[in-house]
Amino acid sequence: MTSMQLYNSLSKTKENFVSRTMNKVSMYHCGPTVYDHVHIGNLRSFMMADFIRRSFEYLDYKVTQVMNITDVGHLVSDGDDGDDKMTKALKRGGREITLENMIDIASIYEASFKNDLDKLNILTPHHMPKASDHIMEDIAIISSLEEKGFTYVISDGVYFDTDKMPDYGKLGGLNLDDETESRIKKNNEKKNPADFALWKFDEKLGWDSPWGQGFPGWHIECSGMAQKYLGNQFDIHTGGADLKSVHHNNEIAQSECSTGCSPYVKYWMHGEMLNFGGAKLSKSTGGNITLGSVEEKGFHPLDYRYLALQTHYRSPMNFTWEVLEAAHNGRKKILNELLSLSQKNQHQGVVLGEYENQFKERIQDDINFPQALSILHNMLKSENKAEDKVVTAILFDEVFGIGIEEYLKSFAVPNEVVELAKKRIIARKEKNWSEADRLRDAIAEYGFDIKDEGTDIFSFSKK
Ligand code: AMP
Ligand code: ZN
């Protein structure tokens, strides 16, 4: 059997994956800044983390996943200037700018984010540390960098001196010569344009530190939390491609220079962007589509997951409501086909080995989910026994996570209830809401709750 091949942004090649500890994988994922609801672009990058985890678990690795929650810090542009994102959130809500309020508002959006993860079948990472709980870890790293001569202090904070690290910028992507193209703006006090803040002073707000009150820079937070939960070196680090050139190069610099251990991370994996209307989906460009917006339009969150599975994580993905509609129909077709196959299921099925091998090969080829999906489709089209196809699809769905088993289980209900649910779909289509409510109550009398999944899929849960 071949081993896992992963594209490593560090070497810019596909490499054989060799973990630091046999059969174990340690991973860190840059998590959300919880100053608002996350958008479906952010969620694409968190789904990628889940695709990687599920693939390794399918291959019998024991995975440890860390995804941080950025709830405080100097959360501004790559150039260390501009308005702090958490401050913006407080201003938006008309609240007083205090540390307590910052942490409080962050907890609201953290809960919303975790809810999105659940809805998208993203397995909960083993550790989800918050930046505000790890300020001491950040201070320890900055102190160690200071002792080793990597820092200098200017009027607004403590900075990392990139000239002191000969191989700074290993991940590439920095364009420091051209100020107009560079995302890093000039700060006349900085020694080099690439130097970045480790600690930013703030007279009014923040934490005490050996250098004065203030906030950690946002890059140091990831170094602090990764080191605490995974040690000085670990296997895989992921994030969106937009974080590679500045945030991740800076994380490498801080971690490797403070610990003296290199490489900090063996495999760097970057997910391409979700685009909308020809540009990267982001709050600032007005395309702020959340999972809530997706549900409001009548889609199931897993329709979006199914859509994301169809594009390789290293390819940009264009979002339109039409492609989501197509994904909704595609998922519905798979679920309904399996439902009809499972109704023919007389015996216990067995996994179809030929398809399982092909599926594994696609997964091992840099997590090629679009191709793995085509194996599912080929398997469904094949002439094999219904029960074997169902068992094989359920196995594949351990990786895809599009809710196959849950859907089939939801039909293990009395026929009368299914009939009522079908009538309810008709009532809803006719916008006969009183009849739809009556049917919901009738279903409830049998001990089931009905959940509408889009316009014509439903599932049940026991009351
Ligand atoms: P942020 O909260 O802005 O730090 O972003 C959290 C994660 O979402 C990071 O890994 C980003 O790279 C990723 N991200 C942001 N925008 C997009 C997008 N349009 N498509 C895919 N990933 C994104
Ligand atoms: Zn990060």
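Helices (H or I, at least four residues) and strands (E, at least two) are DSSP runs, numbered from the N terminus. By that count, Y446 sits in the loop between helix 15 (433–445) and strand 14 (448–453). This is a predicted model, in which local features need pLDDT of at least 70 and side-chain atom pairs count only at pLDDT 80 or more, while totals for chains, interfaces and linings use all residues. Residues are numbered from 1 along each chain as its sequence is written, chains are lettered from A and ligands numbered from 1 in the order in which they are written, and side-chain values use heavy atoms, with hydrogens and water left out.

- Leaving aside neighbours within four places in sequence, Y446 is in contact (heavy atoms within 4.5 Å) with E416, V417 and L420.
- Y446 and A421 are 25 residues apart along the chain, and their C-alpha atoms are separated by 12 Å.

**Helix 3**

- Helix 3 covers residues 99–119, and its 21 residues should span 30 Å at 1.5 Å a residue; the end C-alpha atoms are 30 Å apart, which agrees.
- The expected span is 1.5 Å times one less than the number of residues.
- The buried residues of helix 3 are L99, N101, M102, I105, A106, Y109, E110, S112, F113, D116 and L117.
- An α-helix has 3.6 residues a turn, so residues three or four places apart point the same way.
- The cover over the buried residues of helix 3 includes helix 1, strand 4 (62–67), helix 2 (85–92), strand 8 (214–216) and helix 7 (291–296).

**The surroundings of ligand 1**

- Ligand 1 is surrounded by 17 residues, each with a heavy atom within 4 Å of the ligand; the closest are G41, G240, D242, L274 and L281.
- A polar side-chain atom of D242 lies 2.4 Å from an oxygen atom of ligand 1, and a backbone N or O atom of L274 lies 2.8 Å from a nitrogen atom of ligand 1.
- The protein covers 92% of the 490 Å² of accessible area (Shrake-Rupley method, 1.4 Å probe) that ligand 1 has on its own.
- Helix 1 (40–58) and strand 9 (234–240) are the elements that give two or more residues to the shell around ligand 1.
- Helix 1 gives the most to this shell, with 4 residues.

Notes. A polar contact is a pair of N or O atoms within 3.5 Å; within protein, one must be able to donate a hydrogen and the other to accept it, and residues adjacent in sequence count only if both atoms are side-chain atoms. Buried means under 20% relative accessible area, exposed over 50%, partly exposed in between (1.4 Å probe, protein chains only).
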